[in-house]
Amino acid sequence: MTTTTGIIYTALSALNTYSGSINVTSTNIANVETTGYCRQQAVIRSVGIVGSGVELSTVRRIYNAFLTTQLRSANEDLGKWEVENEILSEIEEIFTDTDDYGLSSALNDFWNAWQDVANDPSSTTARSVLASCSGSLADVFNSTSSDLKDIQASINDAVSSTVEEINLLVNQIADMNQKISQAAATEESVNTYQDSLDTLVLDLSSLIDISTYTNESGQICIQVADGKPLVEETTVWSLSTEKNTMTGMQDVTWVDSEGNAQVITGNITNGKLGGYLEIRDDVIPSYLAELDELAVKIMDEVNSLHTGGYDMDGQPGVSFFTGTGADDIAVNAEILADSEKIAAAATADGASGDGTNAIAIAELQNSLVLDGGTTTFSDYYTALVSEIGLKVQSAQASYESASDTAEFRKSQVASVSSVSTDEEIAKLALYQSAYEAAAKLTSVLDEMLETIIEM
Amino acid sequence: MRTTRSMMVNNSIYFISKQAEKLADAQTITSTGKQINKPSDDPLSAGQLLSDRTSLSQYGQYQSNISQAMTWIEASETTLDSASTFLQEAKKILSSLSSGTTSTTEDYTEELKTINDQILSLANARYGSGYMYGGDINTQTAPFSNEVAVSSGVAENILFEMANDASSVTIEVTDTSGNIVRTLNVSGGIAGTNSIVWDGLDNNGNSLSDGQYDFTVSAINAGGKAVAVFPSYRGSEEGKTVMTAEDNITVLNNNGEAIFSDALSVLSQAIAAIENGEDTNALSDIKDVLQTSIDSITSIRTTQASVNSQLERKLSRFETLTVNLNSRIYETETGSTTEAAIKLQTQETAYEEAIAAAKEILNMPKLSDYL
């Protein structure tokens, strides 16, 4: 049987429900520009049998788990290519020869200086010029090599700091998981916590490639490097770094529950950390190796001819270059101290006037000595510069495509979850009129009660 | 697809920043005037540019080598021209002496001695930091010197040439002030190169200090007549080598022995013959030998002239190659300026459009405007 008091309760439930709904709408409007905020929706349903009213059953968070996962994976790519593009451009600077500076022009000057010595072997000027050109060549080799190693060292530092950043995020994620389980226990809304959690995981995905799953209570569990857990509900594992004795670089390790560290460097392939590791461990070492190959071959070939020649005093030539690679190639100190030690002559009798050995050394510029006897020194270096140019070009293209993809994924996620003020205003109008109707109902009931009392 | 205002604003910000990057790239190309500022701008062309610059540098060096060789030939031509003139002069003297038209031999001897000194000084001409006709040895001693060095107390052998065998040879060693420090008397001597051992001691048996000493040689034969003596060649037979192209070496003939030894020999013989009072027949024979050495110098000059014209051709080839390569480098590097300008204009327009679109989005009507 319907009682007037019962109807008042129905009207009250409507007032509560719609003011609650307006509260949801106002939260949405307030957070229209909040990063990571997912719009919320008031779910209204009628309560029980006819006459029992309405209730705001839940406040639903609108989001699509699939799109969010896709965004994370796009973000991993973006992190990786952002780093690679940036560092490769820096490397490219080292190999950008200008008209009069760079390895290529230093090599040209070097060969030309030998010919000038051949033109006038007894000229001390020509010999000093050769000694100084050779010094410049060695310097360019040294600085190119040390510039590359500097970049490698700074990447190494970045690896350590990225690992710390990851640990920090992982701890925050576990905290958020904790808050979600506590809130669930007290039936408090977890929507805000889940927004924060998603933002944290998205940040993490730009640092390292992760795989994630969400459990039934909404907590996110994370694994890295082929299934090593980082976060399991509220339990945390940490990453660490450890100096590799072979390379002198920091290896990334995963520390298990017993505190044992396992090296996972090779299993990290994406995110900023993946980009850092690839450049540090593959790209730079390969350029350094090619540079060394070039330096060593120049040393070997020039030294072998030079020691077969004779200096101005008729003594057999000393080694022209000393060193073991691009980083320590140097002109023999004896030659720098006394340019008469340059062995321009092919015979001891020729000594001061014969330039045939200098010509033989100058001819090295055209001999095919590298890549198994198919490439000249200059062509080898040119190929290296082109190779670096291509690498940078492809990194740029990958970066652009990764940032387009990430942008697209972001807008897909936003399409589902972002707040539309138009929608919210429309709902506000709707809830407002429903609230007004319920208020009207209350005032009618009030009149009805008055009628009863006055009877 | 559900689209919200914030999505549209974010998208337009993203496109504006992308468009700004493209605009900046186009501006870099226009302002530097270079299509290729970094290897990644065009890796293959960047490699090509490096190769081209290397070739350019090589061509420049070959041109410099060739110019230096041509300068040498020019200097040598002048020297040999003077040598020919002096030898013609000597031939005239010998002609008039052998025809018996003159009896005053004294003046002629002096004149021949002067000519001999001139030829010797031409043969010892300096060039650059060395000597012009020393072969590829080019040492610090003149190729036809009458000098002997003492170093660390040890003296070199004394070297000289004689036209005929001698029975007695006198060598006087003088120091830098011209004082005779040692007189060596040697019995016997052969036609050709003679090498006399000197102990480096002076006439009193004391060691001489290290340094260069001059020597003069006089020789007489069994008949008591003077034997012609002239300086021995100290240089090498190998010519001066110049790298004039890739794997291509030009040899300049600066073998002093081939050029001057005959002339020096015949002049010293003429002087000795006049001093010995030889008859006109003997002088006429010497005159004929002199003609042979004049001919040989002429033939060396002809060869030299042909080397010079080869070098000229090479030089002009490298000049052409350099011009072509420079224009290719310019084209690769700068590309078309019109194209760059049009690209810049296009990017500017696109940027303006992106901004205009953003403005539209920001000014888009909202539902709240109508409620």
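Okay, let's start with confidence: chain B has a mean pLDDT of 87, and 97% of its residues reach 70 or more, where pLDDT is the predictor's confidence in each residue, from 0 to 100. The model itself scores ipTM 0.80 and pTM 0.83.

Quick housekeeping. This is a predicted model, where local features need pLDDT of at least 70, side-chain atom pairs count only at pLDDT 80 or more, and totals for chains, interfaces and linings use all residues. Residues are numbered from 1 along each chain as its sequence is written, chains are lettered from A and ligands numbered from 1 in the order written, and side-chain values use heavy atoms, leaving out hydrogens and water.

Now, salt bridges, meaning a side-chain nitrogen of Lys or Arg within 4 Å of a carboxyl oxygen of Asp or Glu. How many are there over all chains? The count is 20.

Take R2(B) and E423(A), whose closest N and O atoms are 2.9 Å apart. That pair crosses between chains: R2(B) is in the segment before helix 1 (5–32) of chain B, and E423(A) is in helix 10 (residues 421–454) of chain A. Helices here are DSSP runs of H or I, at least four residues; strands are E, at least two, and both are numbered from the N terminus. Is R2(B) buried or exposed? Buried, at 19% relative accessible area, while E423(A) is partly exposed at 27%. Buried means under 20%, exposed over 50%, partly exposed in between, with a 1.4 Å probe and protein chains only.

Within chain A, R45(A) and E55(A) meet at 2.8 Å, N to O. R45(A) sits in strand 1 (residues 40–46), E55(A) in strand 2 (residues 54–61).

Finally, R61(A), R72(A), D195(A) and D198(A) are linked in a salt-bridge network.
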